[in-house]
Amino acid sequence: MNFKLLSLAVSGIVTIGVAASPAAVVAAFPGRPEADLKEFNSVHFPGAIAQNNAEEQINIRVYEKASPAVVTVDTDKSNGSGTIISPDGMVLTNAHVVSAGGTVNIILSDGKKVVADVVGFGEDGLDLAVVKIRGQNNLPTIPIARPGSVKVGQQAFAIGNPFGQFQGTLTVGIVSRIDPQRGLIQTDAAINPGNSGGPLLNSSGELIGVNTSIFTRGQGGGNIGIGFAISADKVPGFLTAVREGRAPRVAQRRSPFGNKSPQKVALNGPALSGKLTTQSSVLPADNSFFDLYSFEGKAGQEITIEMKSQEIDPYLILLGPNQREIAQDDDGAGSKNARITLRLPADGTYTLLANSYQARQSGAYTLELKASAPTAPSRAILQEEGALVAGGPVLPSDNSLYREYTFEGRSGQSVTISLESTDFDPYVAIFGPNGRLLAENDDVSDATKNAFLSVTLPATGRYRVVVNAFDASGRGRYTLTVR
């Protein structure tokens, strides 16, 4: 099964968003296949050595110039990165990093922790925000590049705090594409969860973009070389509005998929007919068309959604009440038709994208949504009660406690995994028989810190479920259920 997902690169926004725990989980289990490391001991041509040395010096210069002005941005609900843009502590970041509210804590490049206040949000869907550090002066800054100066093919440098644990990480790539209509710069410089709000730089160490999202595959996916940054051309006007007091002080709530309102549909209603055209919404990650629908669901309902077409390759993406992706499918209904089957994790409004697998595919389709009445949970495959206690196994990167459980699964089987605790913030991850991470989750919704996953198993074999705490402070009892 193929997967695609435009993921905001920050913990808690979609299921790939993490603190260090899931990435560290992968490192903690040596059974996972890793790419072979190769060392090149010689370069045959002196010109190549000179070129490599020149590129290396540019990398070093950009990092030394810019990294002192790159910070970590932490709130109670998420984390990301930011760029200091004024000596008195104005920090540019993404709106989605700080929009959930709570105290904003900034970690400077030297490790010093300071408090900041949100002073402005972008309007009309502009995913930017400025926070002001309290009581600071003479801070290092990053200049903004001249408008219109970015070219496809030029070098691009990203600095940030991927996975909330690796502050000051530099990655290097090129500008792969420019989307002037959406004000986005595409880059293959590695951007991962936690990089949101951090700078994308040119070879002079100037800000050319604000990293905001990635295109990845699967619920547990990471960077595959397609990242997006808001063009710095959008920044000066926004900063002027902030300084003049015209920028909103409250985050502008909007759908992450544009300004169109979803069409409301009823479960167990008649099949719907739709058509993807050039007038449909466009998924920025791959330029595929989609139509947006919404329906009301109840916790415990088992639903089946099918999208069929003779003209396009259907693709379904389902978002939960908190706008986080909980399921997606390409060919689950046979042929090229798509099907999602799962038990809803919570009451609320669910959003459905009727999408195509390939870019700019036009054609008619039918959509059908069926649901059972909310019922008692199905028989548990695995149910465990336990506790994370001092002295137990820990993940080396963040010292968070974890426990591991296994169960036998079969190819095509749909399972739900819930991890509940009143003592700590749970984090759950599932690994396949080949040791690879399949999916992970922190919070099932904004109203609870409990974790939830819905997964269609790709193969028959033994699966591992990792019970983890969101950070190193997590201690206490939990209940794990796999159905």
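pLDDT is the predictor's confidence in each residue, from 0 to 100. It matters here, for this is a predicted model: local features need pLDDT of at least 70, side-chain atom pairs count only at pLDDT 80 or more, and totals for chains, interfaces and linings use all residues. Residues are numbered from 1 along each chain as its sequence is written, and side-chain values use heavy atoms, with hydrogens and water left out.

Start with confidence. The chain has a mean pLDDT of 83, and 83% of its residues reach 70 or more. Over residues 1-44, pLDDT stays under 50. The model has 135 contacts for these residues beyond four places in sequence; a contact means heavy atoms within 4.5 Å. Helix H1 (residues 21-28) has the lowest confidence in the chain, at a mean of 36. Strand S11 (residues 199-201) has the highest, at 97.

Now take the whole chain. Its secondary structure comes to four helices and 31 strands. These are DSSP runs, numbered from the N terminus: helices are H or I with at least four residues, strands are E with at least two. Among contacts with a separation of 6 or more, 72% join residues 24 or more positions apart. Of the 483 residues, 54% count as buried. Buried means under 20% relative accessible area, exposed over 50%, and partly exposed in between (1.4 Å probe, protein chains only).

Next, look inside. A nonpolar core is a set of buried Ala, Val, Leu, Ile, Met, Phe, Trp, Tyr and Cys residues joined through side-chain atoms within 4.5 Å. The largest one holds 43 residues. Leu92, Val98, Ile106, Leu128, Ile133 and Phe238 touch the most other members. Helix H4 (residues 235-243) gives the largest share of this core, five residues. Leu128 touches residues including Leu92, Phe121, Val210, Ile230, Val235 and Phe238, not counting those up to four places away in sequence. A second, separate core of 27 residues includes Val265, Tyr293, Phe295 and Ile312.

Finally, find one sheet. Strands of a sheet pair through backbone hydrogen bonds, either parallel or antiparallel. Here four strands form an open sheet in the order S24-S31-S26-S29, with antiparallel pairing. Two strands pair if DSSP finds at least two bridges between them. S24 (382-388) and S29 (451-456) stand at the edges with a single partner strand each, so one side of each has no neighbour in the sheet. S26 (residues 414-420) and S29 pair over six bridges. In this region, Ser414 stands opposite Thr456 in S29.
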